[in-house]
Amino acid sequence: MSGEWILYIVFGATALVSAIGVVFLANPIHSALSLIGALASVAGLFLAQEAFFLSVVQIIVYTGAVVVLFLFVIMLLGIDSADPREEQLLRRQWFPWAFLGGVIGVGGLVLTITGIDLPFGVSGTDTADAVNEAGGNVQALSERLFTDWLLPFELTSILVVAAIVGGVVLAKRTKDLRGSGMGLTPDLAERISEEVEADAAEGELDPEDAFEADDVDPDPDSDAVLVGETSENGEG
Amino acid sequence: MEFDGWTALIGTGTVVAVFVVVMLMVILAVWAERRVAAVMQTRIGPNRAGPFGLLQTIADGIKLLMKESITPRQVDRLVYELAPLLAVLPAFLALAIVPFGPGFCIGGQGTDCSGGYFVDMQIANLNVGVLWFLSMSAIGVYAALLAGWGSGSKYPLLGGVRASAQVISYEAALSLSVVPVVVAAGTLDTQGIVLAQSQYRWFLLPLFIPALFFFVAALAETNRPPFDLVEAESELVGGFHTEYSGVRFMLFFLAEYVNVVTISALFVTFFLGGWTGPYPVAGSVNWAPLFGAIWFLAKTVCIIGIFFWLRVTLPRLRYDQLMALCWKRLIPINLVYLMAVAVWVAYQATGDLPRLVGGG
Amino acid sequence: MELHDYLPILVLLVVALLFGTVSRGLSALLHPRDPTPEKLDPYECGIVPERDNPERFPVQFYLVAMIFIAFDIEVIFLYPWAVLVRRLGVFGLVEMAVFVAIVFVAYGYIRREGVFDWAPRKKLDRTLLLQRYRREAEAARVASGASETEAA
């Protein structure tokens, strides 16, 4: 048995087991942990194929970044906050789509195994020799990416922009971002100023007081000093 | 070079040697940090265990091993146990690509070492070396996050979430500041990066800004002061490892110092010419590898010393300052500098950057 | 470079795993076990826990992770390009400049939106608004005073 086969069997098995774990583990954090295992195993599978660059990139982007995002999202939403009835509803709504996705996935797998070529897409033409000639994995990939696949590469940047902007826009839609660090946008400023004015009009809050109340140390000693000073000033 | 039993033996030997050396360095580093801090604060520091207190770290290690390792009631067992391991593993694995000296040949002939065995002075000479290091530091994020969550207690959770946001942010800065090095060296292979800096064409000078940013990001990546918000005692008790005791705490502590050693070694590799030194010029003497290792260690120790110095000197940053520094300063400036370097390198496509700038 | 170049890394993984598990196991043999309810309580910050753990975190963390992924992808593209900068020449420079410029547009947007401002905005905003409120009130008073004198 060659090293490639051993790697394939070991990582294939761990990928499968942890993928099953992702689906069946009850605790979402455990699922995410399992996902780390699954994605790292896929990196191992790439390694077995001598796709060294792809293998490390898989770890950097998927294991190291995407799952962190998942974990943040799980923590952001709160683990126990899901309403079971709502979850049931979601499950029923999404089942057909999940089923369709599964069918497509299995179909693709079958096509790959049976070796039927699809009418679209590209089949690999770069042999190991071609890679070696270019001076290695990264060089070969780089040469292809920055010459033949220039347009898809540039389009990726637009995808990245869409992802960033989309994320921020969605985050801004959550009800109130004050205190969560989001900047002072004009409409937010409008709302706060209305609140402040309303408070001031009701006499609940004197703008001068509000300005200081937050910052003054509620220390009785310092208060005493302040009082003393004002009275002295009054006399003088 | 054929792969056989001898290659495997050499590989294993290298791993064991590197492991032992790094463990020794960690043990000495923990002691040295306490002594340096003591000197700077006009105290004495640990001086009881062994000569100059040298054995203090070992004594502490044994103490931690024999201490009761409390598992608090509210923890998530699986995650709680896994987190220390996840701290240690990437810390050690990142070491794999650090070149400690020039490779040498045993029993072979000629430059390609035919018929013999080539020893790399490096655990694995990967042609994606730089990216291997980045992937390991990417995995390092999970230790704090999972330790914080697994502890099932407030302050560790806050520390863990804070830690992971800090580490991923500074990882973006860290990986961006290595790109100019790759541009200047034209390779991702760490040994190649060192060779590109031979003859004193260190990247530190032409790439001073990326070097500085790399160092700042390295401080933040390893959660060292002044970026140790992860375990800021004054606000988070002990941070993500508040609920850890005994050996599990020891593993976190150890991982931090292994990371410091690794990242200092990488700073030397990327910016200070790695194992190259004034004597001997690579390959001219049979024991060049030994000298290489000595130069390398000396440089690395200096960088580790700066880590200690900064720890004693600088006050801790506030979280918003930390994030602003990373996203508003380091990342955009790095990107602009990178493009400038790339323009220069492409313009001088025949020569290379450091020779032109360093005037060698 | 071939697959067996990665073998020492496997050895290193085993060594590191052994180190972790053996020291863990050794301590399990050596350390005393005397759990009391007090010890097993969460330490927190040394006082009695009053509230449950926060269940939800600010959206900011999610945004940073999201933006990190985007920048990570950008950096991943930068590496293979960096290796070949010399060979790609001006052509390579231009294409990467376009790529970086497009990502910079998104960077400018999120920076303007204040995603990188982690300071407690609420207080800051209030302070700023109060200053503006006072300024406007002052201006209004001056204006009304001016009109009164005019009327007189």
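**Chain C: elements and confidence**

How many helices and strands does chain C have? In this predicted model, chain C has five helices and zero strands, so that its pattern, read along the sequence, is α-α-α-α-α. Of the 152 residues of chain C, 34% count as buried.

The model as a whole scores ipTM 0.85 and pTM 0.83. For chain C the average pLDDT is 79, with 77% of the residues scoring at least 70. Where pLDDT is low, the predicted coordinates should not be read in detail.

**C:Val64 in helix H3**

C:Val64 belongs to helix H3 of chain C, which spans residues 59-83. Is C:Val64 buried or exposed? C:Val64 counts as buried because it has 26 C-beta neighbours inside 10 Å, and the cut-off for a buried residue is 20 or more.

Once neighbours within four places in sequence are left aside, the contacts of C:Val64 include B:Ala165, B:Ile168 and B:Ser169. Within chain C, the C-alpha atoms of C:Val64 and C:Val115 are separated by 8.0 Å, although these residues stand 51 residues apart along the chain.

**The interface between chains B and C**

The contact between these chains takes 65 residues from chain B and 59 residues from chain C. On the side of chain B that touches chain C, at least two residues each come from helix H1 (5-40), helix H2 (56-66), helix H3 (77-93), helix H6 (154-185), helix H10 (246-271) and helix H12 (319-347) of chain B. By class, this side of chain B has 44 nonpolar, 14 polar and seven charged residues.

**The interface between chains A and B**

Here 18 residues of chain A are in contact with 19 residues of chain B. Helix H2 (28-48), helix H3 (52-77) and helix H6 (137-145) of chain A each supply at least two residues of the side that touches chain B. Helix H3 of chain A gives the most to this side, with 11 residues. The side of chain A that touches chain B has 13 nonpolar, five polar and no charged residues.

**The largest nonpolar core**

Which residues have the most contacts inside the largest nonpolar core? They are B:Val182, B:Phe267 and C:Ala65, in a core of 198 residues. For B:Phe267, leaving aside neighbours within four places in sequence, the contacts are with B:Phe214, B:Phe215, B:Ala218, B:Leu272 and B:Ile303.

How values were computed: Residues are numbered from 1 along each chain as its sequence is written. Chains are lettered from A and ligands numbered from 1 in the order in which they are written. This is a predicted model: local features need pLDDT of at least 70, side-chain atom pairs count only at pLDDT 80 or more; totals for chains, interfaces and linings use all residues. Helices (H or I, at least four residues) and strands (E, at least two) are DSSP runs, numbered from the N terminus. A residue is buried if 20 or more other C-beta atoms lie within 10 Å of its own, exposed if 12 or fewer, and partly exposed in between; C-beta atoms are placed from the backbone. Two residues are in contact if their C-beta atoms, placed from the backbone, lie within 7 Å. A nonpolar core is a set of buried Ala, Val, Leu, Ile, Met, Phe, Trp, Tyr and Cys residues joined through C-beta atoms within 7 Å. Ala, Val, Leu, Ile, Met, Phe, Trp, Tyr, Cys and Pro count as nonpolar, Asp, Glu, Lys and Arg as charged, and the others, Gly among them, as polar. pLDDT is the predictor's confidence in each residue, from 0 to 100.
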